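Thank you all for coming; I would like to walk you through one model this morning. Please have a look at it first, and then I will begin with a question.

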Amino acid sequence: MHLAAHFPGVNNTTVWTGDPVGSQIDFASFEHLARTAERGRFDFFFLAEGLRLREHKGRIHDLDVMGRPEAITVLSALAAVTDRLGLAATVSATFNEPYELARRLSTLDHLSGGRAAWNVVTTSDAFTGENFRRGGFLDRADRYVRAAEFVATARALWDSWPADGTARPVAHQGPHFTVRGEFTLPRSPQGHPVIIQAGDSAEGRDFAAATADVIFTRHSTLAAGQEFYADVKGRLPAHGRDADSLKIMPGVTFVLGDTAADAQERAATIRREQVSPQNALVALEQVWGVDLSAYDPDGPLPDFDPVPDPELAQGRVRIGDPKAVADRWRALSEAKGLSIRETVIETTGRQSFVGTPAAVAEEMTAFVAARAADGFILVPHLTPGGLDDFVDRVVPLLQERGVLRTEYEGVTLRSHLGLPEPARPAGKG
Amino acid sequence: MSVSPCALRPLHLAFALDGPVRRARRGREAYDPEHYVRLARLAERGTLDFVTLGDSFARPGPDALAVLARVAPRTGRIGLVPAVTTTHTEPFHVSTAVNTLDWVSRGRAGWTVEVSRSRAEARLFGRRDAAPADALWREAGEVADVAARLWDSWEDDAEIRDAATGRFVDRDRLHYVDFRGTSFSVRGPSITPRPPQGRPVIVADATTRAAREVAAAHADVALVRAEDPATAGDARADLRERARALGRDPDRLRVLASLPVELYCSGDAVGLADLIGDWHADGACDGFHLRPADPQRDLARLVDGTVPVLQHRCLLRRFYPGATLREHLGLPRPANRYAAARKVSP
Ligand SMILES: Cc1cc2nc3c(=O)[nH]c(=O)nc-3n(C[C@H](O)[C@H](O)[C@H](O)COP(=O)(O)O)c2cc1C
């Protein structure tokens with residue numbers, strides 16, 4: 001089983017009130033979480049990316065954790081305080097250039113002794129583009145064309161130093177990039193940084209099947225996981241790849257308790273902390289597309305249909321057809337007699353694994369055995385201590401079962417993931 | 001009346017970790033993080049203000065900012081100042097990367113603003129042709145300007161964690177920068193909260209005419225390559241005058257003479273102490289940025305030979321009285337421009 005740790009924050013699931021919560025930005029928080037993940041013999045530590053503060057109704061959204069440091073810089077610093085843990089940075093292929101990013105990632109690989117990974121996201125909207133020279137918007141098809149050409153160009157640069165040779169100039173000419181010249185770094189310790197993909201469309205899955213080493217997905221139920229797993233692994237042969245060459249890792253949450261009932265109760269408490277009355281109304285407005293601030297979060301849902309407004313919430317991933325979501329929410333609320341806040345709690349942000357450490361270890365193991373995943377990216381709800389319990393109480397059980405390593409065998413992230421080093425280009429002559 | 005020279009006019013010392021390019025091309029050490037950690041710790045033992053690391057997209061070697069981020073957790077006081085070029089990068093990314101270096105070093109980050117003039121670099125990006133120095137430096141000034149605005153775009157107390165109203169931040173203390181430059185625009189605010197120093201220290205090599213105006217307008221530390229104290233002194237006076245004309249307090253600009261050094265023996269190290277003492281006494285500069293022929297050898301000689309002599313002559317402090325690079329340089333933490341504006345017109 002492969003495990004990774006997601007640094008919490010900049011979402012509506014990180015709990016930031018109350019006692020054991022720390023800074024979302026101080027390096028000490030990153031260090032604590034990364035060291036905990038390494039103590040648990042995790043494969044890698046994962047940082048997400050957002051390039052513009054989210055907005056709601058034309059103003060900066062102020063209800064969730066916001067603010068984050070720049071990923072590659074934090075990971076470079078974490079390389080100094082960890083030895084084996086992989087270090088994965090989410091970086092948009094749309095708002096960067098191949099030469100520069102290939103160089104920064106190769107540097108991270110050198111500085112960490114072969115532990116770098118790049119989660120290639122294709123974030124693209126005019127909203128985010130307003131912070132960049134490149135600006136503008138690319139539709140989905142073009143986004144993945146650019147991402148594929150981006151990764152291919154980066155790989156050509158990483159390969160441009162043959163074993164013991166000197167750099168060979170790269171000459172790339174494509175629809176999105178023209179890159180000519182010498183790369184300034186020799187081949188990095190794991191050959192190429194590991195490539196991760198996060199995106200769910202058919203185009204995204206094909207891009208991953210052709211290109212990625214790891215997929216980060218949101219399909220965290222058993223049935224959805226199995227379907228996704230079969231679909232993506234089924235796309236590999238067309239690209240000449242075998243099933244083991246791409247690891248599927250859903251992002252999952254967990255809540256532990258001393259008994260099953262205790263865990264359920266804690267899970268319910270956490271959900272109430274995640275969905276404040278104010279946040280419940282925001283979630284509702286994102287579906288209905290209009291100002292609902294006059295509604296009582298403890299009262300009933302609106303009885304009119306949504307008025308779709310794509311501008312209402314900026315910088316968020318869309319949730320699907322508003323009318324369908326509203327119908328589902330209303331049916332649920334009527335059937336169970338739920339208020340607005342209770343409905344939002346029920347329908348958003350499912351907790352993946354809730355139970356005693358033994359039950360959670362069992363369920364996670366079963367997931368992998370049932371081909372719903374090759375492992376998990378754990379998303380704790382607390383910073384920075386959100387993984388402590390998991391590593392202290394669940395990890396030993398996974399190790400006892402023999403599904404999780406007790407020691408790292410190799411140093412590089414590729415070796416943790418069981419991925420071969422990319423073939424070295426031949427030397428001169 | 002006797003006034004200690006230490007108290008009269010502090011002497012600032014900085015050291016370049018990168019040797020000449022021909023050396024970088026040869027050594028594996030350019031890619032070995034421990035090599036940089038050793039040097040930075042040595043510089044810290046000598047209570048230097050900061051170390052610099054140069055960069056360019058066409059120069060052999062790793063990304064300088066990432067290298068110094070890797071060094072940060074293994075050092076405690078030394079300022080860390082990578083070069084980051086502005087010609088082919090996204091200003092928003094530059095701003096958050098430098099900001100983040102300040103977070104991971106707990107207030108020890110600086111940034112040497114550089115431009116990319118060569119065709120070789122332009123061809124690595126394929127986005128724009130090589131341009132004349134004047135245009136590139138004008139743009140570099142804009143990048144430094146927008147970076148500082150983005151650092152200010154979160155007021156220091158923007159994060160309120162107010163459980164009663166459910167608000168994590170006070171959005172009135174977050175600001176769109178709405179910057180329009182000649183070749184880019186940035187809406188803002190930053191995604192990274194204001195860094196520990198308020199604004200990381202901006203350094204610029206002010207030797208050339210094109211760069212000097214940018215240094216006078218935006219830099220906290222200006223470097224001047226000079227061969228004699230008179231040239232350095234003239235450059236310092238010129239920079240201070242330009243800063244004053246731009247409405248800045250010239251006392252908030254440190255001018256360091258940037259000198260090549262090659263210290264073969266302890267005699268050279270003492271000779272360097274003499275030279276530093278003479279130039280400093282002449283008022284030619286506020287300190288020195290030393291560019292070694294061989295970083296390892298020359299830094300060891302500097303720390304074990306030159307520094308003790310300077311300390312003995314009471315020209316150099318014996319310990320770090322503060323924790324941040326701004327404190328080493330005697331520069332105040334900048335007020336936030338948006339907070340000030342908000343308080344005037346609520
Ligand atoms: C699990 C997961 C995590 C993601 N994380 C990020 C992220 O951190 N930053 C980002 O800009 N986009 C992120 N994305 C968005 C994707 O990169 C992509 O832009 C989006 O899913 C739309 O592409 P698609 O239509 O192929 O799904 C994430 C997507 C998924 C499924």
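This is a predicted model: local features need pLDDT of at least 70, side-chain atom pairs count only at pLDDT 80 or more; totals for chains, interfaces and linings use all residues.

How many salt bridges are counted between domain 1 of chain A and domain 2 of chain A? The count is three, where a salt bridge is a side-chain nitrogen of Lys or Arg within 4 Å of a carboxyl oxygen of Asp or Glu. Residues are numbered from 1 along each chain as its sequence is written, chains are lettered from A and ligands numbered from 1 in the order in which they are written, and side-chain values use heavy atoms, with hydrogens and water left out.

Domain 1 of chain A comprises 2–257 + 351–417 and domain 2 comprises 276–347, with bounds that come from an automatic or database domain assignment. Eleven residues of domain 1 and 13 residues of domain 2 of chain A take part in the contact, contact meaning heavy atoms within 4.5 Å. The buried area, that is, the accessible area (1.4 Å probe) that two parts lose on being put together, summed over both, is about 1,100 Å² between these domains of chain A, with carbon and sulfur atoms giving 51%. On the side of domain 1 of chain A, the residues that lose the most area to domain 2 are A:H56, A:K57 and A:L63, together 48% of what that side buries. A:K57 also meets A:E285 in a salt bridge between their side chains (2.8 Å, N to O).

Let me turn to chain B. There, B:R9 and B:D286 form a salt bridge whose closest N and O atoms are 3.9 Å apart, and the pair links distant parts of the chain, 277 residues apart. B:R9 is partly exposed at a relative accessible area of 26%, whereas B:D286 is buried at 7%; buried means under 20% relative accessible area, exposed over 50%, and partly exposed in between (1.4 Å probe, protein chains only). In another pair, B:R297 and B:D298, the closest N and O atoms of the salt bridge are 2.9 Å apart; here B:R297 is partly exposed at 23% relative accessibility, and B:D298 is buried at 0%. A network of salt bridges, finally, links B:D152, B:D156, B:R194, B:R199, B:R333 and B:R337.

Notes
Helices (H or I, at least four residues) and strands (E, at least two) are DSSP runs, numbered from the N terminus.
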